[in-house]
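Please look over the chain below, and then read the briefing that follows, which is grouped by topic.

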Amino acid sequence: METAVRQNDLQLLRQWLLRELRSKLSAPIPLDIRCALKQDTLLVLAQHPATVTPDVEQLFAVLEESIRRLHPEVIERITGQTEMVPVRLYLRLVGQPQPYTQRFFTLVLPAVAQIPDHPPAPDPASATVVRPTDVSPPIAAEDSPQVIAPEVNDAIAAPEQTEEEAIAPPLLQPPPTEPVPEPGSIQHRIKPYAPKDGLVSRLGSIPFLERIPLPLLVFCSLVGVITFAGGLFILTRPCVVGGCKPLEDAQRLSQQSAQLARPTATADNVVEAYNHLTEANYLLSTIPTWSPHYDVAQALLQAYGARAEVYGKVVAALQQANKAAHKSQNPPHPLVTWREIQQLWQGAIALLETVPSDSPIYLLAQQKQSEYEANLAGINQRIRAEQQSQGQISSARSAAEVAEVRETNAKSVDGWRSAYATWQVVVNTLKAVPPGTMAYAEAEQLLAIYQPKLTASQNRYNQEKASAEAYSQALSLAEQARVSERRRQWSQAVAQWQNALTNAQQVSNGTSYHDQIQALISTYQTALTTAQTNLRTAVVAQGAEVALNRACSGSSTICTYSMGANAIQVRLTTDYDWAVRSVIANNPLPGDANTQQALKDYINTLLQSFATASQTAQMPVDLYDAQGQVFGTYDPQLGGFVQR
């Protein structure tokens, strides 16, 4: 009987834990609890379908808190321990051989009065749940091993069917205890009950029984007592004699569930309908195998279970959708968070896709599936945006590294053009990062760093470009000036040298052409000075040529001239060289006085033209006869002609 009573207590503990889970878990899920005792350790196994995902920490916390709230006498009666009770909690999927997680802790029991092994069962009609305040303090959970102990499958078998859940578990009511007699009182002096003073002595006084061996007599008596107690225990179980309230309640809950789960049902209706079916299935599972209502209960349990499975998928989809919506709040989020949200929406859609078309909640499932698919499309777009943004950030960082290397190696306009173009790519890439993404804030930070570098690179490129253009223009103008000099076009040469020097001076300091142009600036300055001198000389010579042209030209050719480097050479024709020679030498001229005077005046005018040309050009004028012999020179320093 001790084993039977303990099994009954374990079943009552199971009911208590189930009720606690249903009332305290934040989200209703189908759960089954199994309890067992092995090697003085209390084992509690919770299992759930693979279609739902419970909050493991919350589930274990509720189980541990519920067990700790049990009265120490109850724990002692279940486990037989009076000081410490190891407790192991397991969680597994339905149909799986091994749990997938576990938690261990130890209960430390305070000293309690000894209670009888078989306390009187409370009246179900008047039973009330007692919440004792004397609860042992929480003990830290032991370290969980990595490999789940196999004893959980050996010790925990399928739970026996017990009375309906509406009856409060007697385990939570401390059984009445006999008052402990004070030392020295009459009761304290009464000897404890011993077999030799009781049953054996009384049976020995019956003549018929004196012929039966004592061991056989004791065995038969025990068998009778056990048989009677067992039969009495079975007959007092629910749904054995008379009606079956759990069955009636289950059918009523099923009807309420059907009324809620209609084609026009809302999400809240489906959750409530699922809870009704879960409660109905639990009530049906409490009907024992020896009950005449067992077969009906099993048939309903199978039917209700199929409906509950469909409703449970919708409820699980709603839970995943709520979780996805909650995680989506307050964007932006990292890419890993968006992927978690994506998986939640995908999981919810997959659950809704399994709802058969003949289900009364099919329309709701289709509606929610359409909503979730739209939400999933939005999340997919978010993921693509985050991926693109991250790629843009990565590309910008890589391009910035290339730009810095190109700046370091830039030695010409092409080098700085390449660096500047790369910085433009960096900045444009960062500006293209869309707002509303996690990468946008990082892009703004990088822009604050890279934008000044782009500006500096642009300025340096512009300087290099302008310097290169000035350098090239200076070289070109210098070459043009040299050509003009060879052509004795001194005014053009002076202008070209001046422009070449100006462009050379425009090459900025620090640019790649600055050192090269410095050596040319002094050369250009010297060439400009020479050209200016030659220009002045040419201008003077041009004035001299005007005077010579006026003197040598006439009705007949009087003379010809050429501008030498150091003197002006004037060659007289045969008709005039003798007259000019005579006037310079002050020799008499042929003819009468009037003729001589007229010829002398004409020759003096001609010589005055030669003197004017000499003074204008600041060069001597050498006079040659028709045969090319010098016969006279006008020196502007002397102010007259000298015969030679």
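Pro86 stands opposite Thr106 in β4, in a pairing where two strands count as paired if DSSP finds at least two bridges between them. Helices (H or I, at least four residues) and strands (E, at least two) are DSSP runs, numbered from the N terminus. This is a predicted model, in which local features need pLDDT of at least 70 and side-chain atom pairs count only at pLDDT 80 or more, whereas totals for chains, interfaces and linings use all residues. Residues are numbered from 1 along each chain as its sequence is written, and side-chain values use heavy atoms, with hydrogens and water left out.

**The four-stranded sheet**

- An open sheet of four strands has the order β1-β2-β3-β4, and its pairing is mixed.
- Because β1 (32-38) and β4 stand at the edges with a single partner strand each, one side of each is left without a neighbour in the sheet.
- From one strand to the next the twist averages 20°, where angles run from 0 to 180 degrees between N-to-C directions and axes are lines fitted to C-alpha atoms, for helices over the stretch in contact.
- Strand β2 (residues 41-48) pairs with strand β3 (residues 84-93) in the parallel sense over seven bridges, and Ala46 stands opposite Leu91 in β3.
- The pairing of β3 with strand β4 (residues 101-108) is antiparallel and runs over eight bridges, with Met84 standing opposite Val108 in β4.
- Helix α2 (residues 56-68) lies across β1, β2, β3 and β4, and runs at about 20° to β4.

**The five-stranded sheet**

- Five strands form a further open sheet, in the order β5-β6-β7-β8-β9, and here the pairing is mixed.
- The edges are taken by β5 (559-563) and β9 (640-643), each with a single partner strand, so one side of each is left without a neighbour in the sheet.
- The twist of this sheet averages 20° from one strand to the next.
- Strand β7 (residues 621-624) and strand β8 (residues 630-635) run antiparallel and are joined by four bridges, and Leu623 stands opposite Gly632 in β8.
- Helix α17 (residues 514-552) lies across β5 and β6 (568-572), and runs at about 170° to β5.

**Helix α11 with helix α12**

- Two packed helices are described by the angle between their axes and the distance between the axes.
- Helix α11 (residues 294-328) packs with helix α12 (residues 335-353) at an angle of about 160°, and their axes are 8 Å apart.
- That angle makes α11 roughly antiparallel to α12, on a scale where angles under 35 degrees count as roughly parallel, over 145 as roughly antiparallel, 65 to 115 as roughly perpendicular and the rest as oblique.
- The crossing of α11 and α12 is left-handed, a term used if the near helix is turned anticlockwise from the far one by less than a right angle, while clockwise is right-handed.
- The contact (heavy atoms within 4.5 Å) includes Lys313, Val314 and Ala316 of α11, and Thr337, Trp338 and Glu340 of α12.
- The residues of the contact of α11 with α12 divide into 13 nonpolar, five polar and four charged, where Ala, Val, Leu, Ile, Met, Phe, Trp, Tyr, Cys and Pro count as nonpolar, Asp, Glu, Lys and Arg as charged, and the others, Gly among them, as polar.
- Pro332 is found in the loop between α11 and α12, and the peptide bond from Pro331 to Pro332 is cis, with omega near 5°.

**Helix α16 with helix α17**

- The axes of helix α16 (residues 490-505) and α17 come within 8 Å and cross at roughly 160°.
- The helices α16 and α17 are therefore roughly antiparallel to each other, and their crossing is left-handed.
- Among the residues that make the contact are Trp490, Val494 and Trp497 of α16, and Ile517, Ile521 and Tyr524 of α17.
- By class, the contact of α16 with α17 has 15 nonpolar, six polar and no charged residues.
- Arg488 lies in the loop between α15 (438-486) and α16, and the phi of Arg488 is near 60°, a positive value in a residue other than glycine.

**Confidence**

- The mean pLDDT (the predictor's confidence in each residue, from 0 to 100) of the protein chain is 78, and 79% of its residues reach 70 or more.
- Among the elements of the protein chain, α12 has the highest mean pLDDT (94) and helix α5 (residues 186-189) the lowest (30).
- Over residues 157-210 pLDDT stays under 50, and over residues 227-236 pLDDT likewise stays under 50.
- Where pLDDT is low, the predicted coordinates should not be read in detail.
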